[in-house]
Structure formats: structure tokens, C-alpha cells
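Here's a quick tour of a few helices, some strands and a nonpolar core. Have the structure open while you read.

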Amino acid sequence: MREHVLTSLIVLSAVLASVLLVTLPVIGQSPDTKSKKSTYTPPKLPWGDPDLQGLWPGTDLIEVPLQRDAKAGERTEVTQEEFAQRQAKAERTAENDKVAYVAKDSKVGINPPGYWLEHGKPQKITSLVVDPPNGRIPELTEQAKQKAAQAKQAKQGHGPNETWEDQSLYDRCISRGVMGSILPVIYNNGTQIVQGPGYVAIRYEMIHETKIIPLDGRPHPGSNIKSYMGDSRGHWEGNTLVIETTNFLGDKNGIGLNGGGTPHSADMVLTEKWTRTGPDMMEYTATINDPKTWVRPWTIRMPLRLNPEFPLYEYACHEGNYAMFNMLKGARAEEKAAEEAAKTGKK
Amino acid sequence: MRKILSVSAALIGLLVAVSPVRAHHAFAAEYDGKKQVHLEGVVTQMEWINPHTWIHIDVTEPDGKVTSWMVEGGSPNILLRRGFNKGSLEKGQKIAVDGFQAKDGSNRANGSNITYPDGKKLFLGSSGTGAPADPGPNK
């Protein structure tokens, strides 16, 4: 059990670290930018649109890093040996999960135990980022680098828990943004598509978001209208649903797990494509085009598996967000203890 | 009924050194890694709330005094997917909890290990997501 938790911690930490790592400059365009043509013809809805409806959780992909290990270069799939290691690890995790009793010498951790987490399935893909061809997030623009440096400067001498505003938008139960809502994380990766004539709705379990996407070609609202999830318009290209989202609030969410990573600007244009590639498989791609933040557009691709047994449960995040005041009260208690210690020291 | 034990600083140091899982929030900001607790008590309430569940227990001290504790549990959504439901943990059930106490010294703890008195895990895991149609990680 503890081994399982520690293993999970290490894997998840590696995933998070890969998101945060400084990226390398990228040269050239990728042959992987465009989705592979699917020969599968999806069923049609009564009004003629391709049927994409269903539950498409990203759970299978939890262990796939967003960015590729730099050592893998432009290799999009792991080696046979690496895949065997992933399979062996998954088997160990499954075995640990079956242990019914906590061992007497089990270690006690401050982090969440393994039974809180969902587990992925061994995958051959080396990263979710497929373009640039090295599978890594492009370099930040000079403007974005300066903004990041200023943000870091502003945090100098400021504790991590001085106000609720020090917490992420995820911790504050506000929004993980469009990409933060779909990139696979440790749990609650439910995503559901529901269609009606002229509209597609996409529901995200955590944190309780629904995107309603008109398909009638109406223009986006004026540029002063902005939101965390942006404004989406959709159209069909063959059997592929193409969604263009604009009108974002800038400098809020990033394109990382749970909305982390470098925040995108208000000018980002996000192009998502949903293509069914088989009766129970969907290819999802998202191209991030934000010239104020990244030196070139970049693309994430995820194979999503239909899982009718993965219903979305309500995620009324703020209902029980006790952790917010627990963290703030904890910080105040530490400050008080430090003050007391300082006074005692002076006497 | 109640035992609060301390463990060696070395063990705690080892655990704290492990990079944190990004759960809904930073547990190291909520709980004090120097205040390990072992609690045995009876369930008075389980709050099925997001982002995380909370189990309320009454712990009886050796002198008969009863103190109430709140123990932070997993996301209700995943517990439900793993087959744990509203009827799984009823009022009056005896449980044991190992974890760390809140930094502000109040009677709150994280639930690193939550078991029945015989050591059986309260939330037994399963392969994959635990959903009935999920074939597990090896299929």
C-alpha cells in the first residue's frame, strides 16, 4: 500500500515536473500537426450530424506526461522495453490495490493515500504534446518571459498562504480553464459530449463546467466579453467536430494540469478537434495559438476511450472547501508561533 | 480508545521529502508533519462533499472525556466509483485513523490510513478506475 502511494507520488511528480521544466527552442514544423485521417464512419444523429455523444474520460492517459522526456527526442512511442516497464508498474499498482489490510509497519504520510487516485493504463505514446515534434511546449515569447519574471518578483517576501488569492483558481474552486478541465489528472477525469440540433455541449466533471457550442456560424461576441472558459463556436469538417474558442480572460489559467503552467493571454485562439476513430475511440486534438505567450502554436493529442460506466458526478467544489481556511489558519498559526519564538528569543 | 503517538523525526522527514501529489490542495499547508496522530473512535457523520469528503469521529480519552475530530478523506466522486457509498460507513462504526494533525492545533487530521479496528482498509482500492466496465490497467 505505502509502496503504491510512493510509486504514485513519484510518477505524478515526474508528470508535474515535466510541465514545469524550461522548454527548449524548437525548429521546424511537425509532420504530426494534422490528425491522422480516420476511416471509421460514425453513426449519424436523426438531424444528420455525426454522433459523438457519450462519456469520454481521460483516465487511461493519467501516466502519460504532457511534455516528452527530452531524451526521447522526436520518438512518439516508447520502446518495447519501456512499454514492458509501464505494464509491470501497472501490474504492481493493481496488486497493491488488492491488499485488504494495512500493514503493521505501514508508513503514515501527509499526502493523500493511493486509494484516492485513479490509475491509467499503460500507453505507448511518449507525451500528450505532439507538435512541436520534440513533444515539448514551445519557448515563451520575450513578453511572456518578462511577465513571468514580474510575477515572480511580486511574490518576493510574500508567503504562500497569506490570502486566498495566493491559491490557484483550482484550489479556489473557480475554474481550471478549457485545457485544465480535460488534461488527465489524478482523479475525476469525466468528460461528456451531448448533442442537439445546432449545438454541442461538453461537460467536464471537475470543476463543474459545461461548454455550450453553437454550430450555426454565428460570430463570437465583442472582444470586451471575456471568460475563463472563453467563447466557443463549432463546425463540422467531414466527421470531425472543430471548435474554435476565443474571448478568454488572460493571465488566469495556463495550458497545464488543472489549469497550471504559464497563463495564456486573452488573445489565445484554441482549436479543438474531435474525431471518432472507432466504435469506442475518439481522437482529440487541441492547438494552442497564442503569439503573445509562446513563440509558435503547439498541439496536444489524446486518444480517448468511450466508457459508458464512467458517469459524471456532481462536483460542487465550494460546498466543502474547508481546505481553504485550513491552509490560511495553518499559516496564521505558524506566523504566531514564529512571533512567540522571536519574543522568547529576545528575552 | 484514544492514542496519540509520535514517530521519529527521521521518518517524518523522509515522508515530507517526497514530492507532494497535487490533490485539490497542498496537504503540507494544512497539516503539521511533526504532529502525527493515531485516533480510534466512532463515526458520528460522514460528509460527502467536494472537493474532499470529511469523516467526523468521537474519540474517548482514557479519563472518559470525549473529543470530536474531523478527518479529511478522498474525493467523493472517486470513492463512489470504487464502490464506496453512503451506506458503507454508518454512524457508530468504530474506525482507526493514522495521519497528521492540523497546523493550527485544532482537532482535524488527514486520513493517511483509515481502517476498521482489525486493520482492514476502509476504502479498498481496485484496478483501473474501479468502474464496473473498466477492464483494469492490464487489459
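Two strands count as paired when DSSP finds at least two bridges between them. Keep in mind that this is a predicted model.

**Strands around β10(A)**
- Strand β10 of chain A covers residues 298–305 and is mostly covered, with six of its eight residues buried.
- On one pairing, strand β9 (residues 281–289) of chain A runs antiparallel to β10(A), and eight bridges join them.
- Y284(A) stands opposite M302(A) in β10(A).
- Strand β2 (residues 129–131) of chain A also pairs with β10(A), in the antiparallel sense over two bridges.
- There, D131(A) has T299(A) of β10(A) as its bridge partner.

**Two helices of chain A**
- Helix α2 (residues 80–98) of chain A has 19 residues and reaches 27 Å from its first C-alpha to its last, close to the 27 Å expected.
- Its buried residues are A90(A), T93(A) and D97(A).
- Looking down the axis of α2(A), these buried residues fall within an arc of 60°, so they line one face of the helix.
- Q80(A), E81(A), A84(A), A88(A), E95(A) and K98(A) sit on the other side of α2(A) and are exposed.
- Helix α3 (residues 142–154) of chain A has 13 residues and reaches 18 Å, first C-alpha to last.

**The largest nonpolar core**
- This core has 78 residues, and L128(A), V129(A), L39(B), V71(B) and A109(B) touch the most other members.
- Leaving aside residues up to four places away in sequence, A109(B) touches several residues, including V37(B), L39(B), W69(B), V71(B) and F100(B).

Notes. Residues numbered from 1 in each chain as written. Chains lettered and ligands numbered in written order. Predicted model: local features only at pLDDT ≥ 70, side-chain atom pairs only at ≥ 80, totals over all residues. Helix = DSSP H or I, 4+ residues; strand = E, 2+ residues; numbered from the N terminus. Expected span 1.5 Å × (residues − 1). Buried ≥ 20, exposed ≤ 12 C-beta atoms within 10 Å, placed from the backbone. Arc of directions from axis to C-beta. Core = buried A, V, L, I, M, F, W, Y, C linked by C-beta atoms within 7 Å. Contact = placed C-beta atoms within 7 Å.
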